[in-house]
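My entries are below the structure.

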Amino acid sequence: MKKLNFYVIVLHIFLYTKASSQEKKIYKIHTVAFYNLENFFDPIDDPTKFDEASPIMELNVNREEIYKKKVKNMARVLADIGKEDTNNAPAIIGVCEVENREVLEAIVNDTLLRDKDYGIVHYHSPDARGIDVALLYQKKLFTPISTSTHELKIFDDQTRKRVYTRDQLLVSGELEGDLIHLIVNHWPSRSGGEARSRPKRVAAAKLTKHLVDSLQSIDPYAKVFVMGDLNDDPTNESIKKVLKTEKSKDKVGLKGIYNPYENYFKDGLGTTAYRDAWSLFDQIMFTKPLLEKDYSSFRFYKSGIYNKNYLIQKAGAYKGYPKRSWSYGGFTDGYSDHFPVYVYLVREVSN
C-alpha cells in the first residue's frame, strides 16, 4: 500500500447495516495531549517569584547544562506522543508546571520540535510556586481565535488566608477548520491530606464547569476539552459530582462530559505513583459532540496513557514509577513524575 500523508490513516469502520457490510475509509488523525513537565524552571533567579525553591535553583553547579538536558528530555517526549500512529507530534499539547514562556520557547525551538513550528499560549498566574499552565499548538494545524485566563480564588480552611494557585487557561480555535475549545488545568494539590484539601479541588472543578457551561450556553454542540493534572482521580467528587462526567459513551447527555480515563483507573492504571499506589490525576475529557458518528468533522477515536518503556524508572526506590527529573536533591536525567495522556481525533477524508 502506498504510504499515506503523515496525518492520514486507514481505519476499518464497521457499518452495521442490514447487509452487515464493511467499508474501508481514509481518515486524518491528530493527537491532543497533556503533560505535567515536573518543575520545569529556568536556571535564572527571578526576584518576583519564589523560584529559588525549585529543584534546579537548589543546585550549586551545572545549572545551565542540566537545564539544557531537561529541555531536550521534555522535547523528546512531546515529539514522541502519538507518533507511532500519526507519524507526527501532537497537534495540540496542554502542559503544566512551567515557570514562564521562556522555558516553553526553549522546548519548541529544540531540534526535535523546531520543524513543527509550535505556537504558545501562556499567561502568568499568581501561583505561590511560580508555575503556570500553557498550550502548545502546531500553527499549520490549529489557529487560536480567542484565549483567556481565569483566576481561581480559594482560601486556607484554618487561616482563611488566600491560597495562590494556578489560573485556568481557555483557548478557542480551529483545528483544520473545526472549532474546538480547550481548558487547561492544574488543580490544587493534596498538601495537608486529601480530605482537608478536597474543597480546593471542588472549587477548581466548579470554575471549570462554569467555563464549560458558558461555552455550551452559546452553542450546546460546542466541542470542549477539559485537560490537566487535576490532583484527583476520575472517581473523586470534583470530577464525578461537579463536572458530572460519565465513563460510558452511551450515558453522556447533550451537554454531558465523557471521561475515558475512568475506565483506565478502574483497571488499575495511573499516571503518577506515591507510596506504591497509582493515581490517575492526568486526564483529558470532552463533551458529547466529539462522540458523534458523523466523521465529516473531527471526532474522538481513542485515548491513552503514554507510558513507554523509556519513561519508566528501572531500579531503586522508584522502580516502576514514571522516571522523574528530580530526586534526592539532584537531576536524574529523567523526564517527569507523571506520564502524559492523549486522545486521537479523526476526520474522514473525502474521495
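Ground rules. I am working with a predicted model, in which local features need pLDDT of at least 70 and side-chain atom pairs count only at pLDDT 80 or more, while totals for chains, interfaces and linings use all residues. Residues are numbered from 1 along each chain as its sequence is written, and side-chain values use heavy atoms, with hydrogens and water left out.

Helix pair. I looked up α1 (residues 63-80) and α3 (residues 101-108), which pack at about 65° with axes 8 Å apart. Helices here are DSSP runs of H or I, at least four residues, and strands are runs of E, at least two, numbered from the N terminus. Axes are lines fitted to C-alpha atoms over the stretch in contact, and angles run from 0 to 180 degrees between N-to-C directions. From α1, the contact (heavy atoms within 4.5 Å) takes Y67, V71, M74, A75 and L78, and from α3 it takes E102, V103, A106 and I107. I noted 8 nonpolar, no polar and 1 charged residues there. Ala, Val, Leu, Ile, Met, Phe, Trp, Tyr, Cys and Pro count as nonpolar, Asp, Glu, Lys and Arg as charged, and the others, Gly among them, as polar.

I read a volume of about 1,100 Å³ for the largest pocket. A pocket is an open set of points on a 1 Å grid over the protein atoms alone, with protein on both sides within 12 Å along at least five of seven lines; a cavity is a set where a 1.4 Å probe fits but cannot get out; lining residues have an atom within 4 Å of a point. Grid points are joined across faces, edges and corners, and a volume is the space filled by probe spheres set on the points. The pocket has 39 lining residues, with R129, S189, R190, S191 and N231 nearest its centre.

Cavity. My search of the whole structure gave 1 cavity of 30 Å³ or more. The largest cavity holds about 50 Å³, and its lining includes Y123, D132 and R166.

Salt bridges. I found 23 (side-chain nitrogen of Lys or Arg within 4 Å of a carboxyl oxygen of Asp or Glu) in the structure. One joins D110 and K72 at 3.1 Å, N to O. K72 is in α1 and D110 in the loop between α3 and β4 (118-122), 38 residues apart.
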